[in-house]
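Please look at the sequence and the model first.

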Amino acid sequence: MSNKLLIVGAGGHGRSVAEAVLAANLFEIAGFVDDHASVDIFGFPVLGITADLPLLTDTASHVIVAIGNNALRQQLCQQVLSLGFQLATIIHPKAIVSPSAVIDDGVTIMAGAIVGTEAKLGVGVIVNCGAVVDHHAKVEDFGHLGVNACMAGGCVLGTGAWMQAGSSLGYGVTIASNQVLLPSQGIGS
């Protein structure tokens, strides 16, 4: 059971994460947990809803919470940790990650993403397809970079903050916790 993985979330992001898991070949997918889906996904079963997580502790050792909503992802990560699961970190093999980057638990780095020299990614961070976290940038816990979002060197994305698809931060800019940056609001770029 040591390499079995539950994916919490069976929507678009959850399915994309499942494909990253399969491409990386580090975990065996035990199934999905989702409050709204009930049909098999890519041949993997939906094992229940999030309220059923306490009943699934013997199903897998690891969980990835594959939900884009930062507050909900944080809540569910805390829940699965309290149940004794380990948070998995999923890095698509087509992502580029510096060996000096520091990556915490529960992080998802999707295809085409770049994580630069000495960048830091906190717990439960999402770096979506084509997003860039440049050298010495920091994404605090449960931060989220949408598709093609870009953080230049030395930027900080606060806890639970979200850079929507195509948004950008210039060098050294800090975005406060729980803020949403729209593409038209590129700051310092």
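## Origin of the model

The model described here is predicted. Residue numbers start from 1 along each chain, as its sequence is written.

## The sheet of five strands

An open sheet is formed by 5 strands, in the order E3-E2-E1-E4-E5, and the pairing is parallel. Strand E3 (46-48) and strand E5 (86-87) stand at its edges. Each of these has a single partner strand, so one side of each is left without a neighbour in the sheet.

Strand E2 covers residues 28-33 and runs parallel to E3, to which 2 bridges join it. Across this pair, Val33 stands opposite Gly48 in E3.

## The sheet of six strands

An open sheet of 6 strands is also present, with parallel pairing and the order E6-E9-E12-E15-E18-E21. Its edge strands are strand E6 (90-91) and strand E21 (180-181), and each of them pairs on one side only.

Within this sheet, strand E12 (residues 126-127) and strand E15 (residues 144-145) run parallel and are joined by 2 bridges. Val127 has Leu145 in E15 as its bridge partner.

## Helix H2

Helix H2 spans residues 70-82. At 1.5 Å a residue, the 13 residues of H2 should span 18 Å, and the end C-alpha atoms of H2 are 18 Å apart, which agrees.

Which residues of H2 are buried? They are Asn70, Arg73, Leu76, Cys77 and Val80. These residues cover an arc of only 125° around the axis, which puts them on the same side of H2. An α-helix has 3.6 residues a turn, so residues three or four places apart point the same way. On the other side of H2, Ala71 and Ser82 are exposed.

## The largest pocket

The largest pocket has a volume of about 180 Å³. Its lining is made up of 17 residues, and those that lie nearest the centre of the pocket are Gly9, Asp34, Ile67, Leu72 and Leu76. Leu76 is also one of the buried residues of H2.

Which elements give two or more residues to the lining of the largest pocket? They are helix H1 (12-24) and helix H2 (70-82). By residue type, the lining of the largest pocket divides into 6 nonpolar, 9 polar and 2 charged residues.

Notes. This is a predicted model: local features need pLDDT of at least 70, side-chain atom pairs count only at pLDDT 80 or more; totals for chains, interfaces and linings use all residues. Side-chain values use heavy atoms; hydrogens and water are left out. On a 1 Å grid over the protein atoms alone, a cavity is a set of points where a 1.4 Å probe fits but cannot get out, and a pocket is an open set with protein on both sides within 12 Å along at least five of seven lines; lining residues have an atom within 4 Å of a point. Grid points are joined across faces, edges and corners, and a volume is the space filled by probe spheres set on the points. Helices (H or I, at least four residues) and strands (E, at least two) are DSSP runs, numbered from the N terminus. Ala, Val, Leu, Ile, Met, Phe, Trp, Tyr, Cys and Pro count as nonpolar, Asp, Glu, Lys and Arg as charged, and the others, Gly among them, as polar. Two strands pair if DSSP finds at least two bridges between them. The expected span of a helix is 1.5 Å times one less than its number of residues. Buried means under 20% relative accessible area, exposed over 50%, partly exposed in between (1.4 Å probe, protein chains only). The arc is that of the directions from the helix axis to the C-beta atoms.
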